[in-house]
Amino acid sequence: MYINPSKCVACGNCTYVCPMGAIYIDPQIKRATVDRRECVECYACFNGLSQEHLNPTLVRTIRRAFQAMRLRFDPEPDVCPTAAFEPDKLEWPRVVRRAFSDPRVPHESTGVTGRGTEEVKTNDVSGRVKEGEVGFTIEFGRPGVGVWFHEVQKMTQALARANVHFEKKNPVTSLMSDVASGTLREDILDEKVLSCIVEIKTTVDRVEEIIGLVKEVEKHVDTVVSLGVGVRCDAGGEDRVVAPILERLGYTLHRAKTNVGLGRVAPAQGSAQQEPAGAAR
Amino acid sequence: MTNTLHRFGDAASFYDDYVIFAIPSQGKTDKGSVPKLKRFLEIALQFQPVNLGDARNGGALRPSRSMQPTSHWNRDHTPDFRAVIDGVDAPTTVAAVFDDRVNAENFLKAVKEADLGMCVNVSTSVDGAEQCCHFAGQPRHSVGYSLGFEGKTEKLPNTQVLTLATMCGHGMISASLAKKMIDWVKEGRRTPEQAAAYLTRFCSCGVFNPSRACRVLEDARRRMV
């Protein structure tokens, strides 16, 4: 992201809205400036700020006059008064930052917006996680910290050594040069993103082992980690297997996303299947 | 939908936070899904949602590309639900946010009766979602539990800021802006409703809960954490 210095009036509104804190008023040029190393190209500034199209010279003059009188206009905090933000043309590998950080951009590898994965949200038609299996979503960098891919690789390599199954339809998996060793492409390791999700699947009997492994690697990863655990319920809609394990490990299960099971594959698309995939018998 | 999964708070704090969303599955239910997704949102209108969203185009409060200077004095903070519904033009995740359990339950039941064939998820407390499913007469298919935040948690802001910022799971609401809004409400420069509206506009898929945000901001007015 680029802030056009000929338009910027240094109002400072944008310095608050950057999730990475990568925008600051440069004291030398007295204009808002983007720290390109820390910017993850999430476009929160460009997409989230409303835009006025005021004359920059006029606004600067008014601001200087107010400042001289120790007065401060109390404008709306979510506005760029001169529409000074101009997106850069992103080349590889920097474009990876936007793919993982701007939720409106679908991931090329999966076609899914947001973090680029369906997880158990579509499990009723995809059958991604079956009874007896557990899907883990290990998300790095959220909330508001961000993560470098060389940090993510510490986890993917540790998980690979544990012989887990990486979800194929996942943007991080698609960036692995060697899935068997959990190695990411060399040219993206020095790219930072707002967040990304490593997605794996194991059998129920490995839940405790995997959580222990993740917690151990977390100690050596310089960001926050949000762990999600996806399971298939039984015919009565109950999970009597994984929740007790998690509670025994000391977790209090406050929040969950629950797939209600209303999905079904349309007959015209793929097979003539009408029944939810993996439907409990 | 880790986007709504890792909202900060304990189970009791989600009493006014129900996100119900429909998502097409690539290659399975995406073809011909647009009218069904629109129908999902139309049904939601009957049950007093506090936000509607489309992952590609945004929520019911959106930033303006050509704001007038007079808007600083008379800005309209009314959610435009119709714009969300009309704007759905491609397969995408659509969401309805409720601040009341009964409305969420009734909506889910109505969605089931509409038989859209779309994958539908409820994101709230574990018990809250279970109650919704029970009311709709639908056994849960799958559950994705949040185990919370781990790792370098010392990098996280305070709990009030975290509660506000994590209501956009894509991270589009910065901790700095959330803190600024808390400060402005404390100073009396803006009402909680106005501050919540500013935050809502940054959530690019419309799952932010402005009603819960108002409650958090009102609470933060009197307490320092």
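How many bridges join strand S15 (residues 255-259) of chain A to S5(B), and in which sense do the two strands run? The notes below begin with that pairing.

1. Five bridges join S15(A) to S5(B), and the two run antiparallel. Within this pairing, A:Thr258 is placed opposite B:Val122 of S5(B). Strands here, like helices, are DSSP runs numbered from the N terminus (strands E, at least two residues; helices H or I, at least four), and two strands pair if DSSP finds at least two bridges between them.

2. On the basis of the model: it is predicted, with local features needing pLDDT of at least 70 and side-chain atom pairs counted only at pLDDT 80 or more, while totals for chains, interfaces and linings use all residues. Residues are numbered from 1 along each chain as its sequence is written, and chains are lettered from A and ligands numbered from 1 in the order in which they are written.

3. The S15(A)-S5(B) pairing belongs to an open sheet of 11 strands, in the order S9(A)-S13(A)-S7(A)-S14(A)-S6(B)-S15(A)-S5(B)-S1(B)-S4(B)-S2(B)-S3(B), with antiparallel pairing. Strand S9 (165-166) of chain A and strand S3 (58-59) of chain B are the edge strands, each pairing on one side only. H6(B) packs on this sheet, where it touches S15 of chain A and S1 and S5 of chain B. The direction of H6(B) makes about 135° with that of S5(B); axes are lines fitted to C-alpha atoms, for helices over the stretch in contact, and angles run from 0 to 180 degrees between N-to-C directions.

4. In the chain A part of the sheet, strand S7 (residues 133-140) and strand S13 (residues 196-203) are joined by eight bridges and run antiparallel. A:Phe136 faces A:Ile200 of S13(A) across this pairing.

5. In the chain B part, strand S4 (residues 94-98) deserves a separate look. Five of its five residues are buried, so S4(B) is largely enclosed by the rest of the structure. A residue is buried if 20 or more other C-beta atoms lie within 10 Å of its own, exposed if 12 or fewer, and partly exposed in between, with C-beta atoms placed from the backbone. In a regular strand, side chains alternate between the two faces of the sheet. B:Val94, B:Ala96 and B:Phe98 point one way from S4(B), B:Ala95 and B:Val97 point the other way, and all are buried.

6. The contact between the chains takes 78 residues from chain B and 85 residues from chain A; two residues are in contact if their C-beta atoms, placed from the backbone, lie within 7 Å. Several elements of chain B each supply at least two residues of the side that touches chain A, among them helix H1 (2-5), helix H5 (101-114) and strand S5 (119-125). The largest share, nine residues, comes from S6(B). The residues on this side of chain B divide into 32 nonpolar, 31 polar and 15 charged. Ala, Val, Leu, Ile, Met, Phe, Trp, Tyr, Cys and Pro count as nonpolar, Asp, Glu, Lys and Arg as charged, and the others, Gly among them, as polar.

7. Chain B as a whole has 10 helices and six strands. Its radius of gyration is 17 Å, close to the 17 Å that the globule rule gives for 225 residues, so chain B is as compact as a globular protein of that length. The radius is taken over C-alpha atoms, and the rule is 2.2 Å times the number of residues to the power 0.38. Of the 225 residues, 59% count as buried.

8. Chain A is assigned domain 1 (2-86) and domain 2 (106-248), with bounds from an automatic or database domain assignment. The centres of the two domains, taken over C-alpha atoms, are separated by 37 Å. Five residues of domain 1 are in contact with five residues of domain 2.

9. A:Glu91 lies in the loop between strand S6 (85-86) and helix H4 (95-101) of chain A. A:Glu91 counts as exposed because it has 7 C-beta neighbours inside 10 Å.
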